[in-house]
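Work through these exercises with the model open beside you. Try each task before you read its solution.

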Amino acid sequence: PFRGLERFGVSFLSRFEGSQLPSSVLRSITLVDTPGILSGEKQRVNRGYDFTKVVAWFADRADMIILLFDAHKLDISDELKATIDVLKGHEDKIRCILNKADEINRQQLMRVYGALLWSLGKTIDSPEVLRVYTGSFWSEPLKNMDNSELFEQEEGDLMRDLAILPRQSAVRKINELVKRIRKVKTLAYIIGHLKSQMPTVMGKEKKQQKLIADMPNVFRTIMKKHNLPPGDFPDINKFTEKLKECKFSEFKSLKLDEIQLLEDCLTNHLPRLMEELPSEKDSPESLKAKLGEATGAVVPLPTRGAKFGKADPMTAASNPFGAAEEEDEYWALEESAGRLRDSFEALQPVGGFLSPQKAKQVLVKTGLQKEQLRQIWNLSDIDRDGYFDHHEYVVAMFLCDAVIQKGRPIPAE
């Protein structure tokens, strides 16, 4: 998928790195991170490649574009502004993150949030306000608990938007296809019109220059004649520069039968394709037929309880075997991770997590008593979210094996 990056040269490719991880989340999502945006004197340093063009290449192919800002650093440098400018046309993909917001109090956060929206409003040419996720997006506890509830909700919204990206990707691809078809149709009308205006024998160059100079009127004529929206037309300045390198007399004549094929695709084929995708109008039966086994799966949105000051297991209702009698902490175990990887993946975790129901079924099959399973769950569910990731699953299975096969008592911590 990254072969198209060859056009940016060896200087870029030598800096382009990738990594693979055995995570079920990454089966449907690829994360692309850019180097830090330069500011101040560093903006004058040459990267060795055109950074904004690389960003534009990825923006054309991305389903979501996230701009990160620190709460104590909201200034938009010249390079960041140039980067945002190349994202024009992708405003629906852009989301913003106001990170490290736990380092300021509630009153300061209101001012910082307003300042960020004001700066973005001056930079991004869009009448709609961008979605801004506010919080502290790492696993460490918050430094300031004034807005912990807000940060927890914001993090949940972000994780939910990321989780549904794979399903939205199909719709976005169809929308991109529609855009391309409409632009191709408009371009065909333009080329056909320019070809029809050319003389057959003499004065071809003079006529071509006249048409190029009169391109705004050419666009208006085609727009009215074929009832085309202005948004489907190319940028007139860039298009005019490209036309100077062409010979209008060598253009192909417009073929209405091929235009009709494009119309049929827009009016018949693509709507039928859209009907095959999940939608809110689907009944449970039709949704299950479209999605298969994934229909009943709820996208887990686990959070680290300790991060938001909710690490007390006595008040947590996430354990299906009941509340614990004593406070249990993290049981660190990595030796069995590789051995249990296949069995964990065989359970088909959603987003890298086993649901409470599926995890409970696995533990119940061990035949241990309910009180033992309650203790094992409390030791395994490290973040008290009710879901098992791979590491938590490894802890739970290790403890079960220790009790069943070796007769060991369940440790207190």
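**Exercise 1. A pocket and its lining**

Which helices each supply at least two residues of the lining of the second largest pocket?

Solution. Keep in mind that this is a predicted model.
- Step 1. List the helices. Helix 2, helix 6 (165-197) and helix 9 (236-243) each give at least two residues to that lining.
- Step 2. Find the largest share. Six lining residues come from helix 6, and that is the largest share.
- Step 3. The lining has 21 residues, and the closest to the pocket centre are Asp60, Lys88, Lys183, Pro234 and Asp235.
- Step 4. Sort the lining by class. There are 12 charged, six nonpolar and three polar residues.

**Exercise 2. The largest nonpolar core**

Find the residues that touch the most other members of the largest nonpolar core, then trace the elements behind this core.

Solution. 
- Step 1. Start with the general rule. In soluble globular proteins, nonpolar side chains tend to be buried together.
- Step 2. Trace the elements. At least two core residues come from each of helix 2 (51-61), strand 1 (65-70), helix 3 (78-85), strand 2 (94-99) and helix 4 (106-123). Helix 2 gives the largest share, six residues.
- Step 3. Leaving aside residues up to four places away in sequence, Cys96 touches Leu67, Phe69, Leu120, Leu130, Arg131, Val132 and Tyr133.
- Step 4. Look beyond this core. Another core, of 22 residues, lies apart from it and includes Phe344, Leu379, Phe388 and Met397.

**Exercise 3. The buried side of helix 2**

Which residues of helix 2 are buried, and which elements do they pack against?

Solution. 
- Step 1. Name the buried residues. They are Phe51, Thr52, Val54, Val55, Trp57, Phe58 and Ala59.
- Step 2. Name their partners. The buried residues of helix 2 pack against helix 1 (9-13), strand 1 and helix 3.

**Exercise 4. Positive phi in two loops**

Locate Lys100 and Gln348, then give the phi of each.

Solution. 
- Step 1. Recall the background. Most residues other than glycine have a negative phi.
- Step 2. Take Lys100. Lys100 sits in the loop between strand 2 and helix 4. Its phi is positive, about 60 degrees, although it is not a glycine. Lys100 counts as partly exposed because its relative accessibility is 31%.
- Step 3. Take Gln348. Gln348 lies in the loop between helix 12 (337-346) and helix 13 (356-364). Its phi is positive too, at about 55 degrees. Gln348 has 48% relative accessibility, so it counts as partly exposed.

**Exercise 5. Contacts across the sequence**

Which residues does Gln372 touch, not counting residues up to four places away in sequence?

Solution. 
- Step 1. Gln372 belongs to helix 14 (residues 370-380).
- Step 2. List the contacts. Gln372 touches Val403 and Ile410.
- Step 3. Check a distance. Gln372 and Cys400 are 28 residues apart along the chain, and 8.9 Å separates their C-alpha atoms.
- Step 4. Widen to the protein chain. Of contacts between residues at least 6 apart in sequence, 75% join residues at least 24 apart.

Note on methods:
Residues numbered from 1 in each chain as written. Predicted model: local features only at pLDDT ≥ 70, side-chain atom pairs only at ≥ 80, totals over all residues. Heavy atoms only, no water. Core = buried A, V, L, I, M, F, W, Y, C linked by side-chain atoms within 4.5 Å. Buried < 20%, exposed > 50% of the residue type's maximum accessible area, 1.4 Å probe, protein only. Helix = DSSP H or I, 4+ residues; strand = E, 2+ residues; numbered from the N terminus. Contact = heavy atoms within 4.5 Å. 1 Å grid on protein atoms, 1.4 Å probe; cavity = no way out; pocket = protein on both sides within 12 Å on 5 of 7 lines; lining within 4 Å. Nonpolar A, V, L, I, M, F, W, Y, C, P; charged D, E, K, R; others polar.
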